[in-house]
Amino acid sequence: MHNNNLKDEVIRISGASPIKCMKCGKCSATCPSFNDMEIAPHMFVDMVVKGRIEELMASNATAHCLSCFACVERCPRGVEPANIIEAIRVIKLRKSGSVQLTPAQIASVIDTEIPQQALVSAFRKFRK
Amino acid sequence: MIYSYYPGCTLKTKAKELDIYARRSLEALGIQMEELADWQCCGGVYPMAKDEIATKLSSVRTLNQAKELGRPLITLCSACHHVLTLVNHDMKNDSNIRNKANDYSKFDTPYKGETEVIHFLQLLRDVVGFDNLKAKVTNPLKGRKIGAYYGCLLLRPSAKLAFDSPENPTIMEDFIKAIGATPVVYPFRNECCGGYIAVTDKGQATKNVDRIIDSAKYKGCDELVTACPLCMYNVSGNASEGKDISIKYFTELLAEALGVK
Amino acid sequence: MQEVKEFKPNIVAFCCNWCSYAGADLAGSSRLSYPADVKIIRVPCSGRVNPMFILKAFEKGADGVIICGCHPGDCHYNTGNFYARRRMTLLYSMLDYMGIEKGRTRVEWVSAAEGAKFSNVMNKFCGDIKELGECVKLGDIRCKD
Amino acid sequence: MLKIGVFVCWCGSNIAATVDIDQVVAAAKLQPGVVMATGYQYMCSENGQSLMRKAVEEYKLDGVVICACSPRMHEATFRKNAQRVGLNPFMVEIANIREHCSWIHKDKEQGTIKAIALANAAIAKVSLNAPLISGESSVTKRALVIGGGIAGLQTALDIAEAGFEVDVVERQATIGGNMAKIDKTFPTLDCAACILTPKMVDAASHENIELITYSEVESVKGFVGSFKATIRKKARYVNEKTCTGCGLCMSKCPSKKSKNEFNLGLDNRTSIFIPFAQAIPNVAVIDPQSCIKLTRDKCGLCQSVCEVKAIDFTMQDEIIEREYGAIVVATGFKPIEVDAFDELGYTQNKDVITSLELERLMNAAGPTGGKLVKVSDGSHPTDITFIQCVGSRDCTSRGKEYCSKICCMYTCKHAMLIRDKYPDINVNVFYIDVRTPGKNYDEFYRRAVEDFGVNYIKGQVGKVYAEDGKLIVQGSDLITNEQIFIKSDMVVLASAIEPDPSAKKVASMLTASIDTNNFLTEAHAKLRPVESPTAGIFLSGVCQGPKDIPETVAQAGAAASKVIGLLVKNKLVTSPCIATTDELLCSGCSNCFNICPYGAIGYEDKLINDHGIRETRRIAVVNPALCQGCGACSVACPSGAMDLLGYTNKQIMAEVDAICKR
């Protein structure tokens, strides 16, 4: 389960420093999506340090991160948990081509008010 | 001084009010702003991955255009401001991204983050000045209790966006004061509404929106203002039944106060 | 075939006794490595460094000379580091006139508590000198084999 | 030519592991003047030292080079050793092949090459050494303590008890410092005032102690044994000698709206005020910023009611100049501003307070008379949440990278005191780690949990916000892996501590070094913890690093003992490494005179015999008692007449030569 190549890739892509984490849990304290993520932000950081990347990739928690940067802003150690979660999603995306949203689904989610910015970002976050 | 203006895609379609009222207001304030001739979508979401170069290029092209005109670049939409500022920061400070983006783009001279990206609110605060703005208001919005909704993208990460305190910002409150209304500070004004997730998980978005509206109403807000089309869409459309609150673009209130709505 | 040897620069570091020499000691006791090309000469104060010493070093084959002193305002002798800075500014233009690249001399402020900074400064300086290559301008031809 | 001996220390494996000792010995033997060279396991051991002494006698050595650890470590040891066999101590030079070589270079070949170069430089230097005789300087038998908190007072009392005079300079109008604001102390829970105020009284009444309050040290000149300090005594506008501290002026003062600094702004004070009931000196002071008389030339009520006519609105700052033999820095700390951590809502909610503010709220002499109430409305709280590590262990620009050390214990103390006095209040503590190293400390923490029912939550807080009349503390519970929302009436932030802002200025003034966090640096982290690297400057209390009261008192005593050890000496041995003039070369140009920071250079008209030409010339003369050996003059001298003994131009050139030789 411990994949150091993947771990290096996460660190390289995210530019973050999970090793600086002192396990205070402030990221998870501040996260607006905590209850929607089966793996909480602080666990992401710790599991990356331990090289448990496949487990993280298998989880749907990445889809629920809002990229709102609250954890990045408030982390006392400059760890940037959001960047780590993003890196895992990116790796997942690159390996599979897509994770969530397919063009066929668009019709079902779209309404007349939705700004295209939301659509662009939905695609950018969920499809390559 | 003429400012370059970057409207962004949403302001041309779903968020026309944000754009139109900004233009009218600036005219009334006597500030010249010219839309960039050839702008492209900023990308909608900042690609955080260090090795994502291609997805940053459209922002880089926009920034480079502004540089060639030698003018500061005004943004209006929070998301565009966030993306353009962060990409600009990368172009200035991350040599890997800078080199690759320039290799690909083949500009006449490499782009190194020279453009100054300014949010419309900063323009009001630092160039116009809230005191001057107050003097120019013809129709002060007296008695209206307005909560500023900053959302997440406008102020974070503060190390790179840095135009106001990320935890206790004042710029929008000062703006609300300047147009004659009463600003109401409420704790969730800088928490994410979940706009990005609205397309794929409405339930999660609704939860976030409800919490923000509860917080605003508890502190006595009658209405909210925002700078972000995504927040606008999400807060106005995805609240639970009975929770909804009026939310407007700040430029609309500005135009109203200046009598050009 | 000539063997290609890695260029090992010869670098002289003048360190003031109160701040930078102690900073170098701290780098040592913290095991923060920097290239062995750096050799330290202890002086009481950066203000003790006579420009002649630097010229002498270049004449005798140094590839880089760095002066480390206390941070401005923290000099043990109150003002020595200010004089050092002024003198070096003058020396830079003279060295430039003599054809010795500006990057070969440097003044840095390293306090007794900045072991990590000392190591970083030396790593950076060595890297820069390696890029500049061997300094031959002032080499004392008579002494060469 | 000198006969030189070279000794290469293995330092166990510290040096020998990455430097080939045999090669260094062999290379040294080839150097001119070297008559013997040898390696030894531990040169600093008695066996190593006797090896050196025997060699000096056997080979009649007149120069010694020790290749070992930093001269800052053992130069003095080996020089003393040389003296034991009649060799002038300044004929010993150290090549630093440990800190500057073996410890940083892993490659043995490179390390050995460098060690040889460093040894050669030292050999080249020692061959130009000349015997030097140390001078003497006198000791002013009076000490200066900067800061009148518990650290400064303890140091002053200990020095005074030993029979030396001490001046304590305190910036505030009263002595007592931070400890005076504290309610109870851990781990014994005795009242801070009960143990501090007797000490304050002792200091005030001690015949050897002079308290100079409401004053700041402006400048310090000189060196160990004879410092000259200039102290600015700020105008109090109240005569310290005649004021009886009756407080009548305070009761009449109409300007009542200034923030009471002693209560951290939790209540207001008058413009003329005595900081707190037990203040020493118990004398009023006028705040010139808010006094109606001083700002608008009206009022003057206090002056008219004062029965002893102590109030003087024309009072000016006074400058005091004193000489001291030793100076102790005891500038203490302050809690950091927590405004930047505004997700915790300190600036937005009155009921979010800092721990020091809580101390005042719980103190019987505080703004509420010791009754713990909500700041916002004065009502009784039922839920209180503590947040630890606010700004500590934080490597962003908002906080401090270090652990503030005292917060775990005082938070525990607060929680315990609240539960003891108000059992109806629920107390939660968010913590990252609970750090309790100290005698009876962990037991204290466990008592809080087991006997007092304090609820410790492992996790941090993301946001504090007001809703429905309560503060909601949104945090993480890492043990249950939940995001939790705790309703509280008050939130207490354990803010990090930082050195008092004056520390940086004081350190520069004394040329004492400070670290990147503005704590003063000790001369050696383990072996010289209360001395600054600058001779004659000593460190007491938190100015050197975070500490609690017992540690502060211990260090204060240690600093005092070092000061006493200095002041009992009648003469100090001065370094002979001072400037010297070559009279034949000196042109009397005054360059050295102008650059000397100590005024150590004067001029004399001397009869000079310059190769048969006899004439009277104006020659620079160095005063050995004043010269500190910085060498600035030797560089400024245009004719090369000035030189620095121990670091002569020739010696340094020889070192450069040896190092640069390819």
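Chain D and chain C touch through 45 residues from chain D and 42 residues from chain C, where two residues are in contact if their C-beta atoms, placed from the backbone, lie within 7 Å. This is a predicted model: local features need pLDDT of at least 70, side-chain atom pairs count only at pLDDT 80 or more, and totals for chains, interfaces and linings use all residues. Residues are numbered from 1 along each chain as its sequence is written, while chains are lettered from A and ligands numbered from 1 in the order in which they are written.

The most comes from α19(D), with eight residues.

Elsewhere in chain D, helix α13 (residues 407-421) has end C-alpha atoms 21 Å apart, which agrees with the 21 Å that its 15 residues should span at 1.5 Å a residue (the expected span is 1.5 Å times one less than the number of residues). Of those 15 residues, 13 are buried, so to speak mostly covered (buried means that 20 or more other C-beta atoms lie within 10 Å of a residue's own, again placed from the backbone).

Now to chain B. The axes of α1(B) (residues 16-29) and α11(B) (residues 250-258) come within 8 Å and cross at roughly 35°; axes are lines fitted to C-alpha atoms over the stretch in contact, with angles from 0 to 180 degrees between N-to-C directions. Among the residues that meet are B:L18 and B:Y21 in α1(B), and B:L254 and B:L258 in α11(B).

Conventions. Helices (H or I, at least four residues) and strands (E, at least two) are DSSP runs, numbered from the N terminus. A residue is buried if 20 or more other C-beta atoms lie within 10 Å of its own, exposed if 12 or fewer, and partly exposed in between; C-beta atoms are placed from the backbone.
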